[in-house]
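Colleague: I am new to this one. Can you walk me through a few points?

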Amino acid sequence: MPDRRQPDSPTDDNPFAAPPEGRPDQPWQPRSGGGGDNGDGDDRKDSDGGRGPARWDPTDPIQRRARYALLAGMWGFFFGIFGIPSVGLLLGALALYWGISALRGKPAPATAEGAPAAPTGLDALGPAARPQRTAAVSGLVTASLAILLAFSSYALQLAYKDFYVCRDDALTKSAELQCNTLLPDNLVGDVLKVRQ
């Protein structure tokens with residue numbers, strides 16, 4: 001069986017290897033461009049020396065609302081799909097509120113010297129606001145879907161109230177099957193009808 005080891009290349013980037021001959025030892029330094037922290041706990045720097053993307057700050061109410069909007073919108077959508085429209089409507093309304101308030105943010109008060117106010121909310125994060133803005137917009141979309149599902153469920157219950165009352169009052173399976181005559185002969189009727 002042939003030896004599968006690869007020969008060591010001169011450009012091998014092993015941080016634990018000894019330095020090449022004739023080169024003095026150097027103190028350890030973190031690699032640049034590795035995508036991690038720079039060792040002192042601050043945010044990483046871009047190649048041009050500017051600040052990199054900021055991390056999610058749970059103490060910032062704008063960022064928290066963006067995340068809340070996403071979570072509440074998702075769960076509201078799931079509750080709407082699984083047939084619990086009241087919870088879906090509640091979570092959808094909360095997600096709408098949180099998503100809109102995260103996107104708008106609160107304006108900063110003007111300084112005493114009359115200088116322009118510093119940006120706040122998602123605009124204060126600069127390029128790091130992109131994930132938070134995406135979370136807020138996704139929360140708005142899923143909240144809209146959750147509210148749409150809840151309203152369509154309530155609209156069906158109002159439009160076919162006789163069917164729902166008949167089905168809920170039926171004591172036997174045969175009586176429940178008789179309620180199918182109250183439904184129209186279309187796709188909605190096929191979806192709502194009681195199965196044998």
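Colleague: Leaving aside residues up to four places away in sequence, which residues does Cys166 touch?

Modeller: Keep in mind that this is a predicted model. Cys166 sits in helix 4, residues 161-169. Contact needs heavy atoms within 4.5 Å. With residues up to four places away left out, Cys166 touches Cys179 and Leu182.

Colleague: How many Å apart are Cys166 and Cys179 in space, C-alpha to C-alpha?

Modeller: In sequence, Cys166 and Cys179 are 13 residues apart. In space, the C-alpha to C-alpha distance is 5.9 Å.

Colleague: Is Cys166 buried, partly exposed or exposed?

Modeller: Buried means under 20% relative accessible area, and exposed means over 50%. Cys166 has 26% relative accessibility, so Cys166 counts as partly exposed.

Colleague: Which side chains meet in a salt bridge?

Modeller: The count comes to 1 salt bridge. A nitrogen and an oxygen lie 3.9 Å apart there. The cut-off is within 4 Å. The side chains are those of Arg167 and Asp168.

Colleague: What is the relative accessibility of Asp168, and how does Asp168 count?

Modeller: Its salt-bridge partner, Arg167, is partly exposed because its relative accessibility is 30%. Asp168 has 58%. The mark for exposed is over 50%, so Asp168 counts as exposed.

Colleague: How far apart are the end C-alpha atoms of residues 135-156?

Modeller: UniProt, in an unreviewed entry, lists residues 68-100 and 135-156 under "transmembrane region". Residues 68-100 are 91% helix, with end C-alpha atoms 11 Å apart. Residues 135-156 are 100% helix, and their end C-alpha atoms lie apart by 31 Å.

Note on methods
Residues are numbered from 1 along each chain as its sequence is written. This is a predicted model: local features need pLDDT of at least 70, side-chain atom pairs count only at pLDDT 80 or more; totals for chains, interfaces and linings use all residues. Side-chain values use heavy atoms; hydrogens and water are left out. UniProt positions are given in the numbering used here, feature names are shortened, and annotations may be inferred rather than shown by experiment. Helices (H or I, at least four residues) and strands (E, at least two) are DSSP runs, numbered from the N terminus. Buried means under 20% relative accessible area, exposed over 50%, partly exposed in between (1.4 Å probe, protein chains only).
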